[in-house]
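Let's take a friendly walk through this structure together. Please have a look at the sequence and the picture before reading on.

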Amino acid sequence: MRTLIRVIKFTGQSLWRNAWLSLITLTIFVLTLMTVNAVLLVNVVTSSAIRAVQNEVQVAVYFVPGTSQETEKSVRGYLLGLSQVKTVEVITADQALQNFKDKNAGDPTVLAALDEVGGNPFGDAVVVSANNPQDFDFILQAIKTPEYAPSIKQTDYTDYQTVISKLTTFTDKLRIAGLILAGFFALISILIIFNAIRIAIYVHRDEIGIMKLVGAQDWFIRAPFLLEAVLLSLLATGVMAGVVLVSTKALDVPLMQYFGQVNVSLWAYFTSNALIIFGGEFLALALLSSLTTVFAMRKHLRV
Amino acid sequence: MIRFTNISKVYKPNMTALHGVSFHVKPGEFVSIVGSSGSGKTTLAKLLFAEEKPTSGKIVVGDWDITSIHRSEIPTLRRQIGVVFQDFKLLSRKTVYENVAFALEVAGAANVRIKEVVPQVLKIVGLGDKHERYPHQLSGGEQQRVSIARALVHRPKIIVADEPTGNLDTVTSREIIELLKKINEFGTTVVLVTHDRDIVNALKKRVLTINGGKIVSDVEHGKYVLG
Ligand SMILES: Nc1ncnc2c1ncn2[C@@H]1O[C@H](COP(=O)(O)OP(=O)(O)O)[C@@H](O)[C@H]1O
Ligand SMILES: [Mg+2]
């Protein structure tokens, strides 16, 4: 108990008397966490972007007008049976006609032409959305069976196809780049943290030497440095959590506007996962800095 | 109290600092170890408080064989041997009182004991009125007194002083030696490493002379013999 109080006292003195050094170390800790959280953030945004596009991308299958309800139903069942298919939405010929009329309500010539044709030129259609944009190719192939092909007038997808493949390769690349970047930053962070701690210990080398000479145990010499590392990690995580929560709150409104109907709340993401994200970051940082401290002190504790 | 038996110390890669050194110091003795620069005096002192380990031979302190002392036992040894250096080794950001108290704090002493012992030892070294000064507010002699006070807090059986007067003028040096003699009179064994001829001659105590890592003379009431 007495030694615990002394360890805390020495830690406080060291933090206070080397305030600038504590501040620099703290800044480095915060910057390290910042890169980690930035990568996380980019990851959330890109996966939301993909989801946004995925939700918007659908393939429309138009039936030849007059196709029997039986066949249409069997196609729907067939599509729904595919594991790649998420939803199948039916648009009847009447709905299609109505949609067309609504869309061209301001264009009398189109409506006149429609009257000219007489009746309903549209057939029934189904709108298919997939679980994964890569699967559309498969779905389109799947529907071209000899059994169903004659009933299908047209599939409307080609416009999206290239966009999707481009987007998926782009986001895949982005994710890999993000991971490489994160790894790179983590490595640099480890080096910087290691050096910051080495400097902190170098500043205290006289004190460590004297402690050894007057008969202090190794663990007692180490304890204040370890406590300092843990405290600074905690403080850095706190500062970082504050920055992340404030900035994501501010980012949310423009982000939601950009992505439209897809619900992208970075704030919600970070708050609902706060314990895992910030807790994990604190633990990782505290562990890293403590290990570094022990390692950096080895030289000074030798004699 | 201290027994060196055939001690050799070779620094890597092949610097032989001590060569077959044997001697015995009785409890309560005051021994001066003299020799020119580079003769191995500091090495001998470091072996005593286990800052270095001997390459061969045997070292016994009290009845404790410290030849191959485990690092976890070194703190215990250092609480029994007070050390004093030429450069004082004080913490500049701590007051006189705090510098001395520090040695007890790190050893886990109780607060009441610290409050009792620190003023006592500061009084012994003649700094009873300077508790709140910082090292830079003291003369060299006073700083050395602080470091001697710190060496005394564990009530050590042995004090090892490596050139304690190396940074001090003649008058101040004499005062520091007087202080060490006083401490010796209380019963503490003192090992004084020095190359100061006048000090040794005035002391009229046992003198161990070492040269080139070997003991070349060992006389009671000795004089500084080497040039
Ligand atoms: N850590 C060391 N590594 C290598 N050589 C050393 C080391 N310490 C001392 N020496 C050498 O050992 C010899 C004795 O040194 P030292 O004991 O410091 O002598 P003194 O204190 O009598 O001046 C010297 O030649 C010195 O250069
Ligand atoms: Mg020396």
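To sort residues by class, Ala, Val, Leu, Ile, Met, Phe, Trp, Tyr, Cys and Pro count as nonpolar, Asp, Glu, Lys and Arg as charged, and the others, Gly among them, as polar. Keep in mind that this is a predicted model.

**Around ligand 1**

With those classes in hand, the shell around ligand 1 turns out to have 3 nonpolar, 7 polar and 1 charged residues. Its members include Tyr11(B), Met15(B), Ala17(B) and Lys41(B). Which element gives the most to this shell? It is helix 1 of chain B, with 3 residues. Strand 2 (15-25) of chain B also supplies at least two residues.

Thr43(B) uses an N or O atom of its side chain instead, at 2.5 Å. On its own, ligand 1 has 560 Å² of accessible area, and the protein covers 64% of that.

**Salt bridges**

How many salt bridges does a search of the whole structure find? Over all chains, there are 10.

| Pair | N to O distance |
|---|---|
| Glu52(B) and Lys9(B) | 3.4 Å |
| Arg206(B) and Glu29(B) | 3.1 Å |
| Arg145(B) and Glu175(B) | 3.7 Å |

Glu52(B) forms its salt bridge with Lys9(B). Because Glu52(B) lies in the loop between helix 1 and strand 4 (56-61) of chain B and Lys9(B) in strand 1 (residues 2-11), the pair ties together parts that are 43 residues apart in sequence. Glu52(B) is partly exposed, at 22% relative accessibility, while Lys9(B) is buried at 8%.

Now for the salt bridge between Arg206(B) and Glu29(B). This pair links strand 9 (residues 206-211) of chain B to the loop between strand 2 and strand 3 (30-34), 177 residues apart. Both Arg206(B) and Glu29(B) are buried.

In the remaining pair of the table, Arg145(B) is buried, with a relative accessible area of 17%, whereas Glu175(B) is partly exposed at 39%.

**A lysine without a salt bridge**

Lys94(B) sits in the loop between strand 6 (81-85) and helix 3 (96-105) of chain B. This residue is buried yet has no salt bridge: Glu207(A), the nearest side chain of opposite charge, is 4.9 Å away, and a salt bridge needs a distance within 4 Å. The side chain of Lys94(B) does make a polar contact with the side chain of Gln13(A), at 3.3 Å.

Definitions and conventions: Residues numbered from 1 in each chain as written. Chains lettered and ligands numbered in written order. Predicted model: local features only at pLDDT ≥ 70, side-chain atom pairs only at ≥ 80, totals over all residues. Heavy atoms only, no water. Near = heavy atom within 4 Å. Polar contact = N/O pair within 3.5 Å; in protein donor to acceptor, adjacent residues only side chain to side chain. Areas by Shrake-Rupley, 256 points an atom, 1.4 Å probe, with all protein chains shown as cover. Helix = DSSP H or I, 4+ residues; strand = E, 2+ residues; numbered from the N terminus. Buried < 20%, exposed > 50% of the residue type's maximum accessible area, 1.4 Å probe, protein only. Lys, Arg positive; Asp, Glu negative; His and termini not counted.
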